[in-house]
Amino acid sequence: MSLQDDLNAVRRNLDELTRKVEQLEKQASRQKSEGGRTAAQDSSRMVTIPDAPYDNALWTDSDDEGLGARDRRAP
């Protein structure tokens, strides 16, 4: 692919993104004018996270993030 092809693809993607954002803005303004509640305002969808520590057994088979698996070396 040439540089021009890449630039054209980026322009198309940017135009599509712009259209999608405009659509979302219109939907949001319509919802606001209709008095619709958003998900953030709906307290029935809120989940309480307890302060108690997690059970260490949850992490038994997990890898260290960014470090890879414990039994292998990074390249």
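**Exercise 1.** Is Trp59 buried, partly exposed or exposed?

*Solution.* The structure is a predicted model. Begin with position: Trp59 belongs to the segment after α1 (3-34). Next, take its relative accessible area, which is 47%. Buried requires under 20% and exposed requires over 50%. Trp59 is therefore partly exposed, because 47% falls in between.

**Exercise 2.** Identify the residues that make the nonpolar surface patch containing Trp59.

*Solution.* Buried residues account for 1% of the 75 residues.

**Exercise 3.** Compare the span of α1 with its expected value.

*Solution.* First, count the elements: the chain has 1 helix and 0 strands. The helix, α1, contains 32 residues. From first to last C-alpha it reaches 46 Å, close to the 46 Å expected at 1.5 Å a residue. Finally, consider what follows α1: Gly35, with a positive phi near 80°.

Notes. Residues are numbered from 1 along each chain as its sequence is written. This is a predicted model: local features need pLDDT of at least 70, side-chain atom pairs count only at pLDDT 80 or more; totals for chains, interfaces and linings use all residues. Side-chain values use heavy atoms; hydrogens and water are left out. Helices (H or I, at least four residues) and strands (E, at least two) are DSSP runs, numbered from the N terminus. Buried means under 20% relative accessible area, exposed over 50%, partly exposed in between (1.4 Å probe, protein chains only). Patches are made of residues with over 30% relative accessible area and no salt bridge: like charges are joined within 9 Å, nonpolar side chains (Val, Leu, Ile, Met, Phe, Trp, Tyr) within 5 Å. Accessible areas come from the Shrake-Rupley method with a 1.4 Å probe; for residues, only the protein chains shown count as cover. A salt bridge is a side-chain nitrogen of Lys or Arg within 4 Å of a carboxyl oxygen of Asp or Glu. The expected span of a helix is 1.5 Å times one less than its number of residues.
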